[in-house]
Structures are given as structure tokens and as C-alpha cells.
Amino acid sequence: MSNSVGVVIVAAGRGTRMGTTESKQYLLLQGKPIIVHTLEVFQQHELISEIVLVTGEEDLERCREWIQVYKLDKVKAIVPGGTERQHSVYSGLIKLHTQWVMVHDGVRPFVQSFEIAACYERAREIGAAVLAVPVKDTIKQVDGGGKVLSTPDRRSLWAIQTPQTFRLSDLLEAYEAAERDGILGTDDSSLAERAGIPVSVVEGSYRNIKITTPDDLDFAEFTVRNRGERQS
Ligand SMILES: Nc1ccn([C@@H]2O[C@H](COP(=O)(O)OP(=O)(O)OP(=O)(O)O)[C@@H](O)[C@H]2O)c(=O)n1
Ligand SMILES: C[C@](O)(CO)[C@H](O)COP(=O)(O)O
């Protein structure tokens, strides 16, 4: 238990922006489901002792089969998710037994081992940490009618990724407070922030994309193919 690290991998979304009949986390990259690529990164990581996979109720069985076929023996539980990402994460959190937790999107298969380690190290120092990259574009705040309201200083803007790392007890409390207060956040850190937990960003890589729309699949296929060519 002491300083043990678990990960909740959420894969219970429907992938509406991808627009495919099959949910995006099950699309194949070089013959293997995206969710399996993601699970393998954490399976192979020495820091990680326990994985909880959160998926759709109707996908539990095929996920169980993949766990066997791909020998993902760190996966200790596969549980059904909820309507929103936040509900899915909570379903996973309550199944973990570790002191620390990382929450990771099932559709971010390109996170690298050293980034996972750096995120954990920073969380140990600060209390919580998230991978992120500085935004490359100029960002504008725009009203519903398309009128530009402001141009925030780009130097203070970061695009937030996963994994996001916390003490499990802190994150559970933050999730339960958000539920009580009727708050829905788009990431885990936002719930921790409102609970007063200090969170630090750790600079990651622009390659750690969240596969969201069809153009992301082109990038994903290119990346996996190149990786395969480098290894052969
Ligand atoms: N109710 C939900 C919604 C999302 N997720 C997961 O959270 C991650 C990030 O979410 P996103 O990319 O927004 O996925 P979807 O909700 O599936 O996509 P969309 O918004 O396009 O429907 C994904 O791995 C997704 O499967 C989840 O477990 N449960
Ligand atoms: C958690 C997250 O990956 C941070 O970028 C993201 O907010 C979750 O996905 P969504 O597209 O915002 O639902």
C-alpha cells in the first residue's frame, strides 16, 4: 500500500465526435484496439501495480477477453462507467486499493513511460500533478455571437492531458464534494482544485493526443506504423 500507484483508465464514452458506429476506443490501430494500446503502456510500467478499466456495460465481456489475450494481468477490475466521464472515473476510483491514483483516458495511447514517471514524481512533491503542454495557438474568448471578448496571455495557458495523479483519498473526497455540490468537471484536476488540493502541471508531449475526431486517427495510424518500423 505504501506509495503504491494504481491507474483508472476510462473507456466508457460513446465517441460521438468520431462519428463511427464502433466506439473510438475499440477501433483498431495496426490490428489492435486503441484501448489495448493504452492498457499496455501502464501494464509495462514498473510504477503501476493495479489497473482498473472502466468501460460500457455492453463491452465488459470483450474487454475481459482482451485482458486474457494480451496478458494484461495488472487489470484487477473491469467496471461499467456512467453517463459522464466524471461518473465513470468515480466508478473506477472506488475499486482501487493503492495510495496514489493516476486517471487516464483510454483514448490517449501515446503517453510515454517517462511522462508517467514524471507526473508521479511531481505529485509526490506537490500533492497532485497533471501532464500538459503549453498552447501553441493564440486563444481568444468569444461570445455566443462570435464577437471576440478578450485575448488571454498565452504564456499562462496550458492544454491539459492525462494522466492526472493524486492521493487516492484526496481524489475520492474531491469527487464526493463535487457530487454533493452538483459540479461536473471536464477533468479530474478541476475537482481537486476546488477542494483546495495543490496541483502542478508537468510538461508532456504534443504527441499525447486524445483521439477525438477522424483526423486524430490519421495521426494515430502514422505514429503506430512508424513505431513498428523503428522496432523491426
Ligand atoms: N461517460 C463517459 C464519457 C467519457 N469517458 C471516457 O473519457 C475519455 C475522454 O473522453 P472523450 O474523448 O470526450 O470521449 P467520448 O465521451 O467518448 O467522446 P465524445 O465526447 O466525442 O462523445 C475517453 O476515453 C472516454 O471513453 C468515459 O469513460 N465515460
Ligand atoms: C481529461 C481531459 O483529457 C483533459 O484534456 C479531457 O478534458 C477529457 O475529455 P473531454 O473531451 O473534455 O470530455
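User: Which polar backbone atom is 2.8 Å from an oxygen atom of ligand 1, and what makes this a polar contact?

Analyst: The backbone atom belongs to R17. A polar contact is a pair of N or O atoms within 3.5 Å, and the pair at R17 is 2.8 Å apart, so it counts as one. This is a predicted model, in which local features need pLDDT of at least 70 and side-chain atom pairs count only at pLDDT 80 or more, while totals for chains, interfaces and linings use all residues. Residues are numbered from 1 along each chain as its sequence is written, and side-chain values use heavy atoms, with hydrogens and water left out.

User: Which side chain has a polar atom 2.6 Å from an oxygen atom of ligand 1?

Analyst: That side chain is the one of T16, and a nitrogen atom of ligand 1 is also 2.7 Å from an N or O atom in the side chain of S88. Taken alone, ligand 1 exposes 560 Å², of which the protein buries 88% (accessible areas come from the Shrake-Rupley method with a 1.4 Å probe).

Terms used:
Chains are lettered from A and ligands numbered from 1 in the order in which they are written. A polar contact is a pair of N or O atoms within 3.5 Å; within protein, one must be able to donate a hydrogen and the other to accept it, and residues adjacent in sequence count only if both atoms are side-chain atoms.
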